[in-house]
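Student: I would like to work through this model by question and answer. Could we take it one feature at a time?

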Amino acid sequence: MDLTRCISCFQYTPKLISPFRQQTTLKPNFTTISNNHSTISTTRMVAIKARVEGAADAETAVVEKPKLIKRFQVSEGYPAPFGATLRDGGVNFAIYSANAVSATLCLITLSDLQQNRVTEQISLDPLTNKTGDVWHVFLRGDFKDMLYGYIFGGKFSPEKGHYYDSSRILLDPYGKAVISRGEFGALGPEDNCWPQMACMVPTSEDQFDWEGDLPLRYPQRDLIVYEMHVRGFTRHESSRTEFPGTYCGVVEKLDHLKELGVNCIELMPCHEFNELEYYSYNSVLGDYKLNFWGYSTVNYFSPMTRYSSAGIDNCGRDAINEFKHLVKEAHKRGIEVFMDVVFNHTAEGNEKGPALSFRGVDNSVYYMLAPKGEYYNYSGCGNTFNCNHPVVRQFILDCLRYWVTEMHVDGFRFDLASIMTRSSSLWDSVNVYGNPLEGDLITTGTPLRNPPLIDMMSNDPVLRGVKLIAEAWDTGGLYQVGAFPHWGFWSEWNGKYRDIVRQFIKGTDGFSGAFAECLCGSPNLYQEGGRKPWNSVNFVCAHDGFTLADLVTYNNKHNLANGEDNNDGESHNNSWNCGQEGEFASISVKKLRKRQMRNFFLCLMVSQGVPMICMGDEYGHTKGGNNNTYCHDNYVVLYTIMRSRFMLNLIVDFSN
């Protein structure tokens, strides 16, 4: 049955089949377990498509005869750690849900996932399989090519913040690999943009040879950061890589970055996301809009599987190892690896969005809600992660620790980090600090002077020495550049540096004094708080906004290719076209543009602080004046290796 699926207030997918409506979701297989926990009786439901003339497809279930199998030994399990964990010759499953009244573990083989079927179901007894608010079970058996998810039962009461639905199979927030579609941009079965997803079950075969890899631990003041997109970096045919658009593709081109003098790459989101989130036809370019940037996380522990050359092979283990291979090879070349992480919102959107994981597990805990269940939207993307709730902040900390200890990541850039300083839903200072605060009138979303999450991250022994960089603002009007709670540890994307340098170099009067402060490391922002110049990450351009070449080529944004009538994107770019709008200009204008680009690079490299270069700016990549290319997977955003070699002198001339 074709349905219209709405993800959020501003996203929609016309005429696509959705698995998130009961009409299109198969009822899972029904499993019962005998009292001795060793024999499982399974009733399997097989879906058959039946077409009636003049009507839509109808689904019919054929019930096979029950059969007894001895596939898993089941016992009560342990409440910690969260997620699926190898121990004692089996796997322990543990997940937090305070408001669910029932929980079922669903085991799904890779082949059954493609058929939208559940292989086995194990109902958890709240008396024996629950400790506090944690549901848990321990299994022994054959987990080869096995995936898992959960079904939670409870109230469906949006006005009270609850979205429990026993027809939904949900991802474990602590799942280490998410399996769904295997190829980037390819639709699922029956052209479904959101086919059923499931998490990998770990096995004893999950091994990786790090070859003695250790953190590089460069002093922050010595970094030269290169912001890059994994797929965009080698997807273009000019890269001539064996595996274009993948982690392995980046590895093949690391020597190019080494040649530039880069010693740190900042990867745009590599957590699992759905690039088909707002898949729709773009009549302007005649292609389809995708979520190219990835700022819409589905799962925070899983690397993006479709950035892997292996895709979903080996239930996602190969994707994990491929990401590790990228980190290891970068370290061999003296390059640290940072991740751009999005803990301000998730892909589940507002109340019209899908229930993928957090919403169905415990919506009122994971999201910042108003008293009647409405979603606060400080992210501008439909929901706001409830970062300072005790359970959520522990989740975020566990996630960061995992990427540092298991994946050897060297640092993190936090998208819209100011959201992490806002108070959680139903804020209670007694719960957070242990005692009431005098004059405490804090309500949901209030900026906190001492946010518990930032405190925990800043003082965590595992994260000590890891670089933490804040994008110190959000879309709710909170702007904290120079004032982000830092504990002497955090750095910031210096948005004020970007704006002032652009104004000064294009010739705007009245910015000479502010420009001098930028050259000196912005002491007006960081000195009083005890921080140093290297706590300022200086940049002129980033992924959102004009490229460096477009900054000197266009006075106005040209975003018609996005299919939104040029209404999206920032209108105030502090750019100057050097006298003529667009790429087709006189020789004198083009010479001036190249000189201006060198001026920007020179300023960036001689300023006190940490310079950050945006992918493609070293050769003058243009997006045709489009300053909001979030939805393109085409020539507009793809890095061009051959042109990079031709224009390398843009930077190299300075080093000589």
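This is a predicted model: local features need pLDDT of at least 70, side-chain atom pairs count only at pLDDT 80 or more; totals for chains, interfaces and linings use all residues.

Student: In what order do the eight strands of the barrel follow one another?

Tutor: Strands of a sheet pair through backbone hydrogen bonds, either parallel or antiparallel. Here the pairing is parallel, and the eight strands close into a barrel. Neighbouring strands are turned by 25° against each other on average, direction ignored. The order is β20-β21-β26-β27-β28-β29-β30-β31.

Student: Which residue of β28 stands opposite Gly411?

Tutor: Strand β27 covers residues 411-414, and β28 covers residues 467-470. The two pair in the parallel sense over four bridges. Opposite Gly411 stands Lys467.

Student: In the open sheet of five strands, which strands stand at the edges?

Tutor: The sheet has the order β12-β11-β15-β19-β18, with antiparallel pairing. An edge strand has a single partner, so one side of it is left without a neighbour in the sheet. The edge strands are β12 (120-124) and β18 (178-179).

Student: In β12, what is the bridge partner of Leu107?

Tutor: Strand β11 spans residues 102-109. Five bridges join β11 to β12, and the two run antiparallel. The bridge partner of Leu107 is Glu120.

Student: How many of the eight residues of β14 are buried?

Tutor: Buried means under 20% relative accessible area. Strand β14 (residues 134-141) is mostly covered. The buried residues number six.

Student: Which residue of β14 stands opposite Phe93?

Tutor: Strand β10 (residues 90-96) pairs with β14 in the antiparallel sense, over six bridges. Strand β8 (residues 72-75) is also joined to β14, by four antiparallel bridges, and there Gln73 stands opposite Arg140. Opposite Phe93 stands Val137.

Student: In the hairpin of β13 and β14, which residue takes a positive phi?

Tutor: Strand β13 (residues 130-131) pairs with β14 in the antiparallel sense over two bridges. Thr131 stands opposite Val134. Two residues lie between the strands. The one with a positive phi, near 60°, is Gly132.

Student: Which residues of the second largest pocket's lining are closest to its centre?

Tutor: This pocket has a volume of about 600 Å³. Strand β9 (83-87) and helices α5 (317-332) and α7 each supply at least two residues of the lining. The lining divides into ten nonpolar, six polar and eight charged residues. Of its 24 residues, the closest to the centre are Ala84, Lys176, Pro202, Tyr402 and Glu406.

Student: What is the volume of the largest cavity?

Tutor: The structure holds six cavities of 30 Å³ or more. In the largest, 16 residues form the lining, and those closest to the centre are His543, Cys614, Met615, Lys623 and Val637. By class, nine are nonpolar, five polar and two charged. The volume is about 150 Å³.

Student: Where is Pro81 found?

Tutor: Most residues other than glycine have a negative phi, and most peptide bonds are trans. The bond that joins Ala80 and Pro81 is cis, with omega about -5°. Pro81 is found in the loop between β8 and β9.

Student: Where is Glu211 placed?

Tutor: Glu211 is not a glycine, yet has a positive phi of about 55°. Its place is in the loop between β19 (198-200) and β20 (225-228).

How values were computed. Residues are numbered from 1 along each chain as its sequence is written. Side-chain values use heavy atoms; hydrogens and water are left out. On a 1 Å grid over the protein atoms alone, a cavity is a set of points where a 1.4 Å probe fits but cannot get out, and a pocket is an open set with protein on both sides within 12 Å along at least five of seven lines; lining residues have an atom within 4 Å of a point. Grid points are joined across faces, edges and corners, and a volume is the space filled by probe spheres set on the points. Ala, Val, Leu, Ile, Met, Phe, Trp, Tyr, Cys and Pro count as nonpolar, Asp, Glu, Lys and Arg as charged, and the others, Gly among them, as polar. Two strands pair if DSSP finds at least two bridges between them. Axes are lines fitted to C-alpha atoms, for helices over the stretch in contact, and angles run from 0 to 180 degrees between N-to-C directions. Buried means under 20% relative accessible area, exposed over 50%, partly exposed in between (1.4 Å probe, protein chains only).
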